[in-house]
Amino acid sequence: MGIRKLEAKGCNVYLLNNYLIDTGTSNSGEMILKQISDEKIDGIIITHAHLDHIGSAGFLQRELGCKVYAHELDIPYILGDKKLRYSGFLGILVRFGERLFKWEPPEEVEKIDKILDVFEVGESTHTDIAALHTPGHTPGSICLIYDKNLICGDLLRDGKLSNKSFCSDYEQYLHSVRAIMDLDFELVYSGHGRVFRKEEIKGIY
Ligand SMILES: [Zn+2]
Ligand SMILES: [Zn+2]
């Protein structure tokens, strides 16, 4: 039980109890499988639909024979039915990278509320593990709260804000970041970079 960080390419992948959180880029699948060969995996939870988090979701779903869960607003992007928008020069680079990367979407993605209580930002959480809908980086970005730990996807990195170019709606994103600050957590497990403490979060107000 608890949170374990796994080695992967593209993003940080965590094992939260029996759930795999995110999957890295498409060359991460085998690497992840080796590290969880002793575990029974109940499902894969996707924090948001960016390619560095979903690249191995199709492969791992097949190999593990488990379900993939995400917020319903990001499901069409994870399945490859819709494309996310990016802005600025970094956005152009991302779009270019997406065309280069070969990846296989999962066959099916279930709504996260089938396995976890989902709270909107501003609502307080009471359950041991819950998903919070924190839109703005993508429409269906989620954070997971477990005990005093926040698994935040790309909401924050090394205590800092995410780059505007990667956000689907930056105002909404800032609102989500401000709102999570009201929650009771101590450690933040980000999709990139190191684990950091809540006190280290900067640049929000
Ligand atoms: Zn992202
Ligand atoms: Zn990312």
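What spacing do the donors of the zinc ion (ligand 2) follow along the chain? The spacing is D-H-x100-D-x37-H.

Before the first selection, please note that this is a predicted model, in which local features need pLDDT of at least 70, side-chain atom pairs count only at pLDDT 80 or more, and totals for chains, interfaces and linings use all residues. Residues are numbered from 1 along each chain as its sequence is written, chains are lettered from A and ligands numbered from 1 in the order in which they are written, and side-chain values use heavy atoms, with hydrogens and water left out.

**Stop 1: the zinc site**

Select the zinc ion (ligand 2) together with Asp52, His53, Asp154 and His192. These residues are its protein donors, through OD of Asp52, NE2 of His53, OD of Asp154 and NE2 of His192, at 2.1 to 2.3 Å. Donors here are N, O and S atoms within 2.8 Å of the metal (3.2 Å for Na, K and Ca); water is not among the atoms, so sites may look incomplete.

Display the angles at the metal next. The four donor atoms subtend 86 to 149 degrees, which makes the arrangement irregular. By the criteria applied, four donors count as tetrahedral if all angles lie between 85 and 135 degrees; four count as square planar and six as octahedral if opposite donors are over 155 degrees apart and all others between 65 and 115; anything else is irregular.

Asp52 belongs to helix 2 and His192 to the loop between strand 13 and strand 14, so the pair ties together parts that are 140 residues apart in sequence. Helices (H or I, at least four residues) and strands (E, at least two) are DSSP runs, numbered from the N terminus. Both Asp52 and His192 are buried; buried means under 20% relative accessible area, exposed over 50%, and partly exposed in between (1.4 Å probe, protein chains only).

**Stop 2: the sheet that includes strands 13 and 14**

Follow the chain from His192 to the strands on either side of its loop. Strand 13 (residues 187-190) and strand 14 pair in the antiparallel sense over two bridges, and Val188 has Phe196 in strand 14 as its bridge partner. Two strands pair if DSSP finds at least two bridges between them. Colour the whole sheet: it is open, with six strands in the order 7-8-9-10-13-14 and mixed pairing. Its edge strands, each pairing on one side only, are strand 7 (117-120) and strand 14 (196-197).

Val121 is the next selection, in the loop between strand 7 and strand 8 (129-133). Its C-alpha is 6.3 Å from that of Thr134, although the two are 13 residues apart in sequence.

**Stop 3: the other sheet and the core**

Strand 1 pairs with strand 2 in the antiparallel sense over four bridges, and the bridge partner of Ile3 in strand 2 is Leu16.

Which residues touch the most other members of the largest nonpolar core? They are Leu6, Leu20, Ile32, Ile36, Ile44, Ile46 and Ile78, in a core of 25 residues. Helix 4 gives the largest share, three residues. A nonpolar core is a set of buried Ala, Val, Leu, Ile, Met, Phe, Trp, Tyr and Cys residues joined through side-chain atoms within 4.5 Å. A second, separate core of 21 residues includes Ala130, Cys152, Ile180 and Leu183.

**Stop 4: salt bridges**

Ten salt bridges are present, each being a side-chain nitrogen of Lys or Arg within 4 Å of a carboxyl oxygen of Asp or Glu. Select Lys67 and Glu110, whose closest N and O atoms are 3.5 Å apart. Lys67 lies in strand 5 and Glu110 in strand 6 (residues 110-111), so their pairing ties together parts that are 43 residues apart in sequence. Lys67 is partly exposed at 42% relative accessible area, whereas Glu110 is buried at 10%.

Finally, select Glu72 and Lys111, which meet in a salt bridge of 3.8 Å, N to O.
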